[in-house]
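The report below takes up one protein chain, beginning with a single residue and ending with the chain as a whole. Please keep the sequence and the model in view while reading.

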Amino acid sequence: MIYVTRDLLTVLRERAASEDPDEVNVRLSATPAGEFEADLGLDPETPVVTHFTLPSVGSSVSSVFGVDLGAPAGEGGARFLSHPDGFLGVSRTDDLAAVVIVAVPPYDGDSVAAFDRAGDGVELAVVDAAPPTESVPE
């Protein structure tokens, strides 16, 4: 099962809708459930997808065979993709990750699913909680 915050999923779906008919492809990162201020009822080590990272310009040099070589080890274990053509699955041309969340038109709550690297469905659970507040060190 993959856990994702409702706010993040909403932002990703809105982005996919606004960029349609172009595809959206962003790396996702997670926060351990134990770092949330609210008790999520999950094991504290359970990852909850909370953030996305926009690809860098000219990333084709750092991306080989669907793997972003610029991603730090242990980061970016999930990816969000939109398929404007309506295919709710993982295709051979997609950038892959351990978990891939795919959205298709009309980009609503019923138009999103999660898959593993092999394209098998993974249960997607939406969490109603905000990630911990972050700040830039002074």
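E123 is exposed, its relative accessible area being 52%, where exposed means over 50%, buried under 20% and partly exposed in between, computed with a 1.4 Å probe and with protein chains only. This residue sits in the loop between β9 (121–122) and β10 (124–127); strands here are DSSP runs of E with at least two residues, helices are runs of H or I with at least four, and both are numbered from the N terminus.

When neighbours within four places in sequence are left aside, E123 is in contact with M1 and I2, contact meaning heavy atoms within 4.5 Å. E123 and I2 are 121 residues apart in sequence, yet their C-alpha atoms are 6.3 Å apart in space.

## Basis of the model

The model is predicted, so that local features need pLDDT of at least 70 and side-chain atom pairs count only at pLDDT 80 or more, while totals for chains, interfaces and linings use all residues. Residues are numbered from 1 along each chain as its sequence is written, and side-chain values use heavy atoms, with hydrogens and water left out.

## T31 and T46

T31 belongs to strand β2 (residues 25–32) and counts as buried at 7% relative accessibility. Not counting residues up to four places away in sequence, T31 touches F36, T46, P47, V48, T50, H51 and P132.

T46, one of these partners, is placed in the loop between β2 and β3 (47–53), and at 17% relative accessibility T46 also counts as buried. Beyond its neighbours within four places in sequence, T46 is in contact with Y3, T31, P32 and A33. Of these, Y3 is 43 residues from T46 in sequence, with a C-alpha to C-alpha distance of 8.4 Å.

D85 is found in the loop between β6 (78–82) and β7 (99–103), where D85 is exposed, with a relative accessible area of 67%.

## The chain as a whole

Of the 138 residues in the protein chain, 33% are buried. Among contacts with a separation of 6 or more, 52% are between residues 24 or more positions apart.
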